Amino acid sequence: MQSHFLQSEAWEKFQNFEGKTTYRLEDKDFSLLAIEDHTPLGNYLFIPYGPTLTSQAGLKSALTAAKKLAVAKKCLFIRLEPTIPIDESILKELKLQKTKDIDPKYTLILDLDPSEDTLLSNMEQRKRRYYKTYEKKGISIRTSHDPADAKILTSLLSTLAENNHFQKHSDKYLTDQINFDFSTLYIAEFEGKPIAAALVYDDDTTRYYAHAATDYEHRNLAAGAILVVKMIMDAKALGLKYYDFWGITISEDPKDPWYGFTRYKKTFGGYQKSYGGTYDYVINHTKYNLYTALRPINRLKRKILHK
């Protein structure tokens, strides 16, 4: 079974480092990493991009095992994100309730098997030009595993979040990741100043495009796009098989908040991959109903605070 990075041992170790309690369950037709998370009303189990399944039929045995664990730990509900689309009839049979997607239901995957020239030829012409000429324009790229450099990314992300009214991860959360071997920080600099940064995660087969931000003042230099191409080429050189852009929308509505960066990601090539989406299995219905009633209010509060 090919699992997502968020089901890996590396991610589990990071979650433990962040103070989270984790559990692993496995059988012949499923495997899962569950993270115990918290609400003001009680705890729940979150299975990010999991359980990993050999087929849809494995979801039943995975949920049975997870339910036994959740009841023992007095959790309110289980939140899961199957790695494959699940038939509506199975979701109904298992009493899974659709909830707001936590991790994207759709992503873009680039197969790294073709030659570098072929990968470049499948990209938008401007992206090829940016990449082939960036050194002549005075842009340099370096990688880092030094937590002190995380402030470059967190500073750029803070500005981006402020301008676009979204809630970013905490600086500590991102800085802590630099301490782990799965992550690599890419930094683009111009005239000695960082103008773009991106954090990628690697597992045995895939490089994941996790966090990125650019300096708006130098947007015309297209440093963000240059970093993406560089990270793709480096992943291929490392022998990885895929580059995962970590999230797109399938909406054709220009007003969709993900429409713009989905179009941007597609300029690098790749194919669409669908996951199952995010679902909840309820154990304590009374507290879960209260939790769902309060959830929109809490999201609105966070939105107002980050304006």
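Student: Is Asp176 buried or exposed?

Tutor: This is a predicted model, in which local features need pLDDT of at least 70, side-chain atom pairs count only at pLDDT 80 or more, and totals for chains, interfaces and linings use all residues. Residues are numbered from 1 along each chain as its sequence is written, and side-chain values use heavy atoms, with hydrogens and water left out. Buried means under 20% relative accessible area, exposed over 50%, and partly exposed in between, with a 1.4 Å probe and protein chains only. The relative accessible area of Asp176 is 8%, so Asp176 is buried.

Student: Which residue meets the side chain of Asp176 in a salt bridge?

Tutor: A salt bridge is a side-chain nitrogen of Lys or Arg within 4 Å of a carboxyl oxygen of Asp or Glu. At 2.6 Å, N to O, the residue is Lys172.

Student: Which residue is linked with Lys172 and Asp176 in a network of salt bridges?

Tutor: The structure holds 15 salt bridges. In the network with Lys172 and Asp176, the residue is Glu18.

Student: How is Arg24 classed by its relative accessible area?

Tutor: Arg24 forms a salt bridge with Glu12 (2.7 Å, N to O). The pair links distant parts of the chain, twelve residues apart: Glu12 in helix H1 (residues 9-17) and Arg24 in strand E1 (residues 21-27). Glu12 counts as buried at 14%. The value for Arg24 is 38%, so Arg24 is partly exposed.

Student: Which side chain makes a polar contact of 3.0 Å with the side chain of Thr22?

Tutor: A polar contact is a pair of N or O atoms within 3.5 Å; within protein, one must be able to donate a hydrogen and the other to accept it, and residues adjacent in sequence count only if both atoms are side-chain atoms. Thr22, in strand E1, counts as buried at 15% relative accessibility. A polar contact of 2.9 Å joins its side chain to that of Glu12. The contact of 3.0 Å is with Asn16.

Student: Which are the edge strands of the open sheet of seven strands?

Tutor: The order is E8-E9-E10-E11-E12-E7-E13, with mixed pairing; two strands pair if DSSP finds at least two bridges between them. An edge strand pairs on one side only. The edge strands are E8 (139-144) and E13 (271-274).

Student: How many bridges join E10 to strand E11?

Tutor: E10 (residues 193-202) pairs with E9 (residues 183-190) in the antiparallel sense over eight bridges. A hairpin of three residues joins E10 to E11. E10 and E11 (residues 206-214) run antiparallel, and the number of bridges is seven.

Student: Which residue in E12 does Thr206 stand opposite?

Tutor: E11 and E12 (residues 242-244) run parallel, joined by three bridges. The residue opposite Thr206 is Tyr242.

Key: Helices (H or I, at least four residues) and strands (E, at least two) are DSSP runs, numbered from the N terminus.
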